[in-house]
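Subject: Structure for you to look at

Hello,

Please have it open while you read.

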Amino acid sequence: MAISFVSTNQAPAAIGPYSQAARAGSFLYASGQIPLRPDGTLVEGDIVAQAHQVFANIKGVLAEAGLTLSDVVKATVFIKDMNEFARLNEVYGEYFGDHKPARSTVEVARLPRDVQVEIEVIAYFGE
């Protein structure tokens with residue numbers, strides 16, 4: 001099985017030795033997205049504003065691979081403060097709607113650039 005990598009200017013460039021996403025077979029493994037704009041500037045503000053940018057980045061990476069949020073089968077959410085879970089969940093629901101991929105949510109001590117949220121996804125290309 002060949003592995004290919006996804007790169008787009010619709011999401012911030014990787015800030016380390018990794019790719020924005022990797023395709024292996026029928027699956028796309030997208031790296032965690034934080035609330036950086038595609039130009040690399042940080043979205044300040046509350047978790048709602050940051051989550052909207054995270055989803056914009058995820059959508060950009062998925063689109064480059066020919067996928068949408070409807071193709072996501074698993075999301076992993078890293079949140080700095082679990083007390084913000086309900087607010088994050090509202091934004092999450094806006095993007096996924098009736099599509100309900102599997103999800104894990106983990107509170108962490110610190111995230112890159114001291115952001116409040118990071119989300120990574122796995123998407124399926126289909127048969």
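How many aromatic pairs does a search of the whole structure find? The search turns up six. Please keep in mind throughout that this is a predicted model.

**The aromatic cluster**

F55 belongs to helix α1 (residues 47-64) and Y92 to helix α2 (residues 85-96), so the pair ties together parts of the chain that are 37 residues apart in sequence. As for solvent, F55 is buried, with a relative accessible area of 0%. Y92 has 8% relative accessibility, which is under the 20% limit, so Y92 is buried too.

F55 has a further partner in F96. Here the ring centres are again 5.8 Å apart, with the planes at 80 degrees, so this pair is edge-to-face as well. It links distant parts of the chain, with F55 in helix α1 and F96 in helix α2, 41 residues apart. Both F55 and F96 are buried. If you colour the rings, you can follow the cluster that ring pairs form from F55, Y92, Y95 and F96.

**Charges over rings**

Y92 comes up again here: R103 lies over the face of its ring, at 4.3 Å from the ring centre. Elsewhere, the charged end of R23 sits over the ring of F125, and the distance to the centre of that ring is 3.5 Å.

**The largest pocket**

Which residues lie nearest the centre of the largest pocket? They are I15, Y18, G32, Q33 and I34, out of 13 residues that line it. The volume of this pocket is about 180 Å³. Strand β3 (residues 27-33) gives the most to the lining, contributing three residues. Sorted by class, the lining has eight nonpolar residues, four polar ones and one charged one.

With a relative accessible area of 55%, over the 50% limit, I15 is exposed. The C-alpha atoms of I15 and G40 are separated by 9.2 Å, while the two residues are 25 apart along the chain.

**Backbone angles to check**

Most residues other than glycine have a negative phi. Two residues in the loop between β5 and β6 are worth checking on that account. R113 is not a glycine, yet has a positive phi of about 60 degrees. The loop that holds R113 runs between β5 (102-107) and β6 (117-124). D114 is in the loop between β5 and β6 as well, and its phi is near 55 degrees, again a positive value in a residue other than glycine. Are these residues buried, partly exposed or exposed? R113 is partly exposed, with a relative accessible area of 46%, and D114 counts as partly exposed at 40% relative accessibility.

**A proline in a loop**

P38 lies in the loop between β3 and α1. At 40% relative accessibility, P38 counts as partly exposed. Leaving aside neighbours within four places in sequence, P38 is in contact with N9, Q10, A11, P12, Q53 and N57. P38 and T8 are 30 residues apart in sequence, and their C-alpha atoms are 9.0 Å apart in space.

**The start of the chain**

Finally, a few words on M1, which is placed in the segment before β1 (3-6). At 79% relative accessibility, M1 counts as exposed. Beyond its neighbours within four places in sequence, M1 is in contact with A24 and G25.

After that, the positive phi values of R113 and D114 would be my next stop.

Best wishes

Technical notes:
Residues are numbered from 1 along each chain as its sequence is written. This is a predicted model: local features need pLDDT of at least 70, side-chain atom pairs count only at pLDDT 80 or more; totals for chains, interfaces and linings use all residues. Side-chain values use heavy atoms; hydrogens and water are left out. Helices (H or I, at least four residues) and strands (E, at least two) are DSSP runs, numbered from the N terminus. Buried means under 20% relative accessible area, exposed over 50%, partly exposed in between (1.4 Å probe, protein chains only). Contact means heavy atoms within 4.5 Å. Rings of Phe, Tyr and Trp (its six-membered ring) pair if their centres lie within 6.5 Å; planes under 30 degrees apart count as stacked, over 60 as edge-to-face and the rest as tilted. A charge sits over a ring if NZ of Lys or CZ of Arg is within 6 Å of the ring centre and within 35 degrees of the ring normal. On a 1 Å grid over the protein atoms alone, a cavity is a set of points where a 1.4 Å probe fits but cannot get out, and a pocket is an open set with protein on both sides within 12 Å along at least five of seven lines; lining residues have an atom within 4 Å of a point. Grid points are joined across faces, edges and corners, and a volume is the space filled by probe spheres set on the points. Ala, Val, Leu, Ile, Met, Phe, Trp, Tyr, Cys and Pro count as nonpolar, Asp, Glu, Lys and Arg as charged, and the others, Gly among them, as polar.
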